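Colleague: I have not looked at this structure before. Could you show it to me and take me through one part?

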Amino acid sequence: MSQENNNAPHKRVIFVDRDGSIIREPEDEQVDSLEKLEFMPGAISALACLRALDGFELVLASNQDGLGTPAFPTEDFLPPHNKMLATLKGEGVEFDNSLIDTSFPADNSPNRKPLTGMFTAYTGGGYDMAGSYVVGDRITDLLLARNLGAKGILLRRPQEAEGLFTAAGMEPVQPGAVPWFELASDSWAEVADHIRAGERRATLRRSTSETDITVTVDLDGRGPRDISTGLNFLDHMLRQLNGHSGISVGINAKGDLDVDEHHTIEDTAITLGTAIDKALGSKLGIGRYGFALPMDDARATVLIDFGGRIETVWKVHFDREYVGDTPTEMIPHFFKSFAQGAKCNLYIEAEGSNTHHIAEAVFKAFARALRMAVERKKFDYSLSSTKGVL
């Protein structure tokens, strides 16, 4: 989860096991010929997805028992290993680092997974280990995640996990019960989608002399949904996002309402827009554009473009100065402020005879536009732009 914390390390890592994870592990546990080289189903496309994620380094981490000894000569190891790397590179997957321990289990080497001796470059405080992952098919990969303070993903069928814990002399742990065991799946597609979905979240706090606002956004709808701004009608409008956008929004806003409503509404919109912008990250695979809907006597059209440019067009007239405790003049200002934070274009048009219905139709249409624009096209990592950048 992204947070506004300038002192926190921003670099994260996805550590990936090799044998049994990227390539199939033979019965003798040595991939020592080209004939034995076989990729695990879905591994290449999933690694291409993970390589495209913003803010992550991709690191190969493998135990290779006795590599360089007569039991496993280096000249036997290198041809299939280099072929694996070349194949991955041809699909856009290159590792930022390769960590390979060559000891035997009986050597009790501090570098051997799940111990962290060969991971010291990542454990000195320059990396966000709590936001990093270890992906592998063995219990040692989960224990490495625990020792690093990272999140572990077991590349096995969920029903196999309990047996692995028991065989290791451990009490079984359920996925999600501890941070170091987040998922068990034998599907690389599910693993990549799980990690990628986790990057579509952001928590942002904006604190000034006028307001103190925290917004949490999860573009896939798995986050908190409590809304509290001190303005009941604004809360009612913002709850339309949770009801109709497919995303989850949590807002806790405290502002100088004793002065007037302006600062609270403006800063809430800016913070919400900025949080969505952060959650979108690289914007790979999103719809980008997005809605028109009727509500009783009112109808509203909201067009949105997360293209990086900022513009707001407002074609809505309100006959009343207030709806509940919220001034209607602040509703267009809310959307203008949101567009500034989200770096998007907004075109909003509505008409009707009931001011409450017009305002609610606008927010509902806004929610549906968000839904269309931020929705991910599964395993499509293209950018919705002919320029190649948003």
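Colleague: How many bridges join β6 to strand β7?

Modeller: This is a predicted model, where local features need pLDDT of at least 70, side-chain atom pairs count only at pLDDT 80 or more, and totals for chains, interfaces and linings use all residues. Residues are numbered from 1 along each chain as its sequence is written, and side-chain values use heavy atoms, with hydrogens and water left out. Strands (E, at least two residues) and helices (H or I, at least four) are DSSP runs numbered from the N terminus, and two strands pair if DSSP finds at least two bridges between them. β6 and β7 (residues 183–184) run parallel, with I153 opposite L183, and the bridges joining them number two.

Colleague: Which helix does the chain pass through from β6 to β7?

Modeller: The crossover is β-α-β and right-handed, meaning that with the strands pointing away from the viewer, the path from the first strand over the helix to the second runs clockwise. The helix spans residues 158–167 and is α4.

Colleague: Which residue of β6 is the bridge partner of Y133?

Modeller: Strand β5 (residues 133–136) runs parallel to β6, joined by four bridges. G136 has L154 as its partner in β6, while the partner of Y133 is K151.

Colleague: Are the residues on the two faces of β6 buried or exposed?

Modeller: In a regular strand the side chains alternate between the two faces of the sheet. In β6 (residues 151–154), K151 and I153 lie on one side, G152 and L154 on the other. By relative accessible area (under 20% buried, over 50% exposed, partly exposed in between; 1.4 Å probe, protein chains only), all four are buried.
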